[in-house]
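We will go stop by stop.

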Amino acid sequence: MITVGHYLVLSAILFSLGTFGVLTRRNAIVIFMCIELMLNAVNLSFIALSRHLGNMDGQIFVFFVMAVAAAEAAVGLALMIAFFRNKETIEVDDINLLKW
Amino acid sequence: MQVLFFYLVALVAVLSGLIVVTAKSPVNSALALVNTFFCLAVFYVMLSAPFMAAIQVMVYAGAIMVLILFVIMLLNMGVEPYKKPTHVAWGTIGSALVFLVSVFFIQRGEPTRAVGEITRDVVLRQGHTELIGKAMFVDFLLPFEIASILLLVAIVGAVILAKKEV
């Protein structure tokens, strides 16, 4: 029998994998994809808990997370293209214009 | 049987996630991420949320990943050159900490009884899409409208950012 704990532990594994990617990678697009991975891990636990509690609210939140992720993809990728046009790179080590 | 299937799909999801964070080329990362999204869609079907699985495949694996792949191809980046070992070690420590804390809280909480009325039978009888629609347009109407304004602002922002001279 699969309990809600199985899904939550899987979600924790995926979330920490995404954290590892955000902390160690230097390519901005790969960091972006790792953030998508973390968002999806949270979505999985939302849906598992929503099913476990017999409630619809968690699935509605997943809907909004997807809407925010789509908006983030549009703006973030436009930012990366604009940055690449100016600096010819998107390595985050080289992006230090705002460094004090 | 069901448990075996769960572990199989979970294994594929975790391995694809590992490829996402370790692959040298961003294209390989993106393809592995699509694989993870499909595995999560399988889990949504197992949790009797088929509409969410459909959205997962269409919005995430379809729209967002196509956008990301398009930008990767457009920018034409190479592989990442060199990673400092201390950097990787600190990242491992940080993510392991996140994992341990979340597992601690998962183990600590006790599963309660179901309090809502949406059971598997109700979903099968009424249909998941109808239940989602009812919840979205009755209880969550204001957040829905705010989400549409958010998407409009994102479109305008992307157009302004992508113009030639800012």
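How many residues does the contact take from chain A and from chain B? The contact takes 65 residues from chain A and 82 residues from chain B; contact means heavy atoms within 4.5 Å.

A note before you select anything. This is a predicted model, where local features need pLDDT of at least 70, side-chain atom pairs count only at pLDDT 80 or more, and totals for chains, interfaces and linings use all residues. Residues are numbered from 1 along each chain as written, chains are lettered from A and ligands numbered from 1 in the order written, and side-chain values use heavy atoms, leaving out hydrogens and water.

**Stop 1: between the chains**

Show both chains. About 6,600 Å² is buried between chain A and chain B (accessible area, 1.4 Å probe, lost on putting the two parts together, summed over both). Carbon and sulfur atoms give 77% of that area. Now select Arg25(A), Met33(A) and Arg51(A). They supply 10% of the area that chain A buries against chain B, more than any other three residues. The count of salt bridges between the chains is zero (a side-chain nitrogen of Lys or Arg within 4 Å of a carboxyl oxygen of Asp or Glu).

**Stop 2: a helix pair in chain A**

Select residues 28-53 of chain A, helix α2, and residues 57-87, helix α3. Helices are DSSP runs (H or I, at least four residues), numbered from the N terminus. The two axes come within 9 Å and cross at roughly 175°. Axes are lines fitted to C-alpha atoms over the stretch in contact, and angles run from 0 to 180 degrees between N-to-C directions. So α2(A) and α3(A) are roughly antiparallel (over 145 degrees). Their contact includes Phe32(A) and Leu39(A) of α2(A), and Val65(A) and Ala69(A) of α3(A).

Next, pick residues 61-84 of chain A. UniProt, in an unreviewed entry, lists this span among its "transmembrane region" annotations. It is 100% helix, and its end C-alpha atoms lie 34 Å apart.

**Stop 3: a helix pair in chain B**

Select residues 26-46 of chain B, helix α2, and residues 50-75, helix α3. These axes come within 8 Å and cross at roughly 175°. That makes α2(B) roughly antiparallel to α3(B). Residues that meet here include Phe37(B) and Tyr44(B) in α2(B), and Tyr60(B) and Met65(B) in α3(B).

Finish on residues 87-106 of chain B. The span is 100% helix, with end C-alpha atoms 29 Å apart.

Notes: Helices (H or I, at least four residues) and strands (E, at least two) are DSSP runs, numbered from the N terminus. Angles under 35 degrees count as roughly parallel, over 145 as roughly antiparallel, 65 to 115 as roughly perpendicular and the rest as oblique. UniProt positions are given in the numbering used here, feature names are shortened, and annotations may be inferred rather than shown by experiment.
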